[in-house]
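I opened my notebook to get to know a new structure. Here is what I looked up, entry by entry.

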Amino acid sequence: MRKRDIAGKIRSTIRKSDKIDYMVSCFERRNEERFRLFAREQSTDTIVLEVPADCKRERKELVYYIRSGNPFSGFGAELRRTLDALFFADFYGFIPVVEYTHDYIYSERTKVNGVSNPYEYYFRQPAGVSVSQAGQSVHVFFREEHRELVRRLLHAPCTDSPYHLSEAYLRVLGKTAEKYLHLNAAQEEYMQRSFEEIELHQTRVIGVHYRGTDFQYGYKRHPKMLKLNDYYGAIDGLMDQSQEECRIFLATDEEKAIGLFKERYGDRVIYFPDAYRSENGEPVHFSKDSRRLHNYRLGMEILRDMTALSRCDYLVSGLSQVSFCARIFKYSHDSEYMDKVILNNGIN
């Protein structure tokens, strides 16, 4: 039998065992620098910077290019994942640059306010460096797995649900948001006008986030649906303990919830009347509508709800990404709620 045939037979036998094949591969590639760096990164938290040998770019900054846009994530979930990445960049002293792809639910086919990057529909670049400027840097990198390292950096327990978040984690992301998350001029003007129209700051306000629609379907790893009576009991308790008359700011994705809250609390309920809400129980973030720039406006309305909730004196909510972001925004103002009730009926 020829040597080539013998070698082929040995190799074929080795490949039948994953463990033996892995050990042989490690031995064979022991002198490859890229492989050694890759192997170290898998067993530690070593960061690998890949720079082409013939790179002619001139900017020497370490740019952390956060590319995001999950087609199944709502606005709050995607924003919190972005904050995770911004925390990571800040922790290691990198310059963050954010770009959302057009897989992002809230992206449009045309430019919005003169920009095509969906992140910039709403926010300024966190470090003042544009995506095009980042492309001129020598060291540009980002790994999706880094978001998973954030909880380890924060010494927070890792769980299998994105709804098990500690107050300490939200507080740290509040500091990250204070440093890096800034509305653009169009959004600042929109927020200010909207808050004045509903007279948000005239009295003490209990912020309420009622998440309905597809929560009723019982998605795996998502919170179980709460009943309106759970909210009523919490709101009544806060009203009883407050020494001042309170109004209720209601943020919800269901149109029918507006009517039910008004039946119980009357004119004390305030909300944004122009927001798009579901009338058939289907989730808002997957909705289609003929209004101009519907996707962008959905994101703008959710961001407005988050911001309004963060400016209330009290908070009543279930476990939701919108309420998590509201609490993060509250901490970003170096402020805390006078009291809050987080309703939890468990995770599916």
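I began with a term: a polar contact is a pair of N or O atoms within 3.5 Å; within protein, one must be able to donate a hydrogen and the other to accept it, and residues adjacent in sequence count only if both atoms are side-chain atoms. I noted that this is a predicted model, where local features need pLDDT of at least 70, side-chain atom pairs count only at pLDDT 80 or more, and totals for chains, interfaces and linings use all residues. Residues are numbered from 1 along each chain as its sequence is written, and side-chain values use heavy atoms, with hydrogens and water left out.

**Entry: S323**

I looked up S323 and found its place in helix α12. Helices (H or I, at least four residues) and strands (E, at least two) are DSSP runs, numbered from the N terminus. The side chain of S323 reaches the backbone oxygen of G318 at 3.2 Å. I also found a polar contact of 2.9 Å between the side chains of S323 and S320.

Is S323 buried or exposed? S323 is buried, at a relative accessible area of 0%; buried means under 20%, exposed over 50%, and partly exposed in between (1.4 Å probe, protein chains only). Leaving out residues up to four places away in sequence, S323 touches H209, S317 and G318, where contact means heavy atoms within 4.5 Å.

**Entry: α4 against α12**

Next I turned to the neighbours of this helix. Two packed helices are described by the angle between their axes and the distance between the axes. Helix α4 (residues 75-92) packs with α12 (residues 321-332) at about 45°, the axes being 8 Å apart. Axes are lines fitted to C-alpha atoms, for helices over the stretch in contact, and angles run from 0 to 180 degrees between N-to-C directions. That makes α4 oblique to α12; under 35 degrees is roughly parallel, over 145 roughly antiparallel, 65 to 115 roughly perpendicular and the rest oblique.

I listed the residues in contact: G76, A77, L79, R80 and L83 of α4, with Q321, C325, I328 and F329 of α12.

**Entry: α11 against α12**

The axes of helix α11 (residues 294-310) and α12 come within 8 Å and cross at roughly 50°. α11 and α12 are therefore oblique to each other. On the α11 side, I found I302, L303, M306, T307, L309 and S310 in the contact; α12 brings V322, C325, A326, F329 and K330.

**Entry: the whole chain**

Last, I stepped back: the protein chain has 12 helices and eight strands. Buried residues make up 47% of its 348 residues.
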